[in-house]
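Please take a moment with the sequence and the model before reading on.

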Amino acid sequence: LLSSFGSMDPEGNPLSYFWTVTGSDGITVNYTSSSFMVSLNGQTSFLVTLVVSDGELVSDPAETFVEIP
């Protein structure tokens with residue numbers, strides 16, 4: 001489960017989420033919900049990027065590399 005838990009707007013405006021998940025096979029999938037489950041399809045590593053927007057401002061991308069043993 002990938003989650004944007006902790007993302008917030010100081011003014012309380014609703015947020016939009018844009019996730020990019022790139023598997024070690026180079027296939028990229030995009031998601032726009034605050035949290036979601038990733039289908040592994042045999043992949044063991046992913047680059048995950050999240051960008052959050054309140055409709056006025058857009059966050060810097062937050063990236064992490066996920067490796068599943």
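Two strands are said to pair if DSSP finds at least two bridges between them, and the strands themselves (E, at least two residues), like helices (H or I, at least four residues), are DSSP runs numbered from the N terminus. What is shown is a predicted model, in which local features need pLDDT of at least 70 and side-chain atom pairs count only at pLDDT 80 or more, while totals for chains, interfaces and linings use all residues. Residues are numbered from 1 along each chain as its sequence is written, and side-chain values use heavy atoms, with hydrogens and water left out.

The protein holds 0 helices and 6 strands, so that its pattern, read along the sequence, is β-β-β-β-β-β. Its C-alpha trace spans about 40 × 20 × 15 Å along the principal axes. Of its 69 residues, 28% count as buried, where buried means under 20% relative accessible area, exposed means over 50%, and partly exposed lies in between (1.4 Å probe, protein chains only). The protein exposes about 4,800 Å², of which carbon and sulfur atoms supply 57%; such areas come from the Shrake-Rupley method with a 1.4 Å probe, and for residues only the protein chains shown count as cover. If contact is taken to mean heavy atoms within 4.5 Å, then among contacts between residues at least 6 apart in sequence, 39% join residues at least 24 apart.

Strand β5 covers residues 45-53, and because 8 of its 9 residues are buried, it is largely enclosed by the rest of the structure. It pairs with β2 in the antiparallel sense over 8 bridges, and within this pairing Tyr17 has Val52 of β5 as its bridge partner. Strand β5 is also joined by 6 bridges to β6 (residues 62-67), and these two strands run antiparallel. In that pairing Phe46 has Val66 of β6 as its bridge partner, and Ser45 stands opposite Glu67 in β6. Strand β6 itself has 6 residues, of which the number buried is 0, so it lies largely in the open.

Val29 lies in strand β3 and counts as partly exposed at 36% relative accessibility. Leaving out residues up to four places away in sequence, Val29 touches Trp19, Thr20 and Val21. Val29 and Leu50 are 21 residues apart in sequence, with their C-alpha atoms 12 Å apart in space.

Ser7 is placed in the loop between β1 and β2, and Leu15 is found in the loop between β1 (2-3) and β2. Ser7 is partly exposed, with a relative accessible area of 28%. Beyond its neighbours within four places in sequence, Ser7 is in contact with Leu15, Tyr17, Leu50 and Val52. Leu15, with residues up to four places away in sequence again set aside, touches Ser7, Met8, Asp9, Val52, Ser53 and Asp54.

The last feature is an open space. A pocket is an open set of points on a 1 Å grid over the protein atoms alone, where a 1.4 Å probe fits, with protein on both sides within 12 Å along at least five of seven lines, and its lining residues have an atom within 4 Å of a point. About 150 Å³ of space lies in the largest pocket, whose lining includes Val21, Gly23, Asp25, Val29, Tyr31 and Phe46. The elements that give two or more residues to this lining are β2 (16-23) and β3 (28-31).

Technical notes:
Grid points are joined across faces, edges and corners, and a volume is the space filled by probe spheres set on the points.
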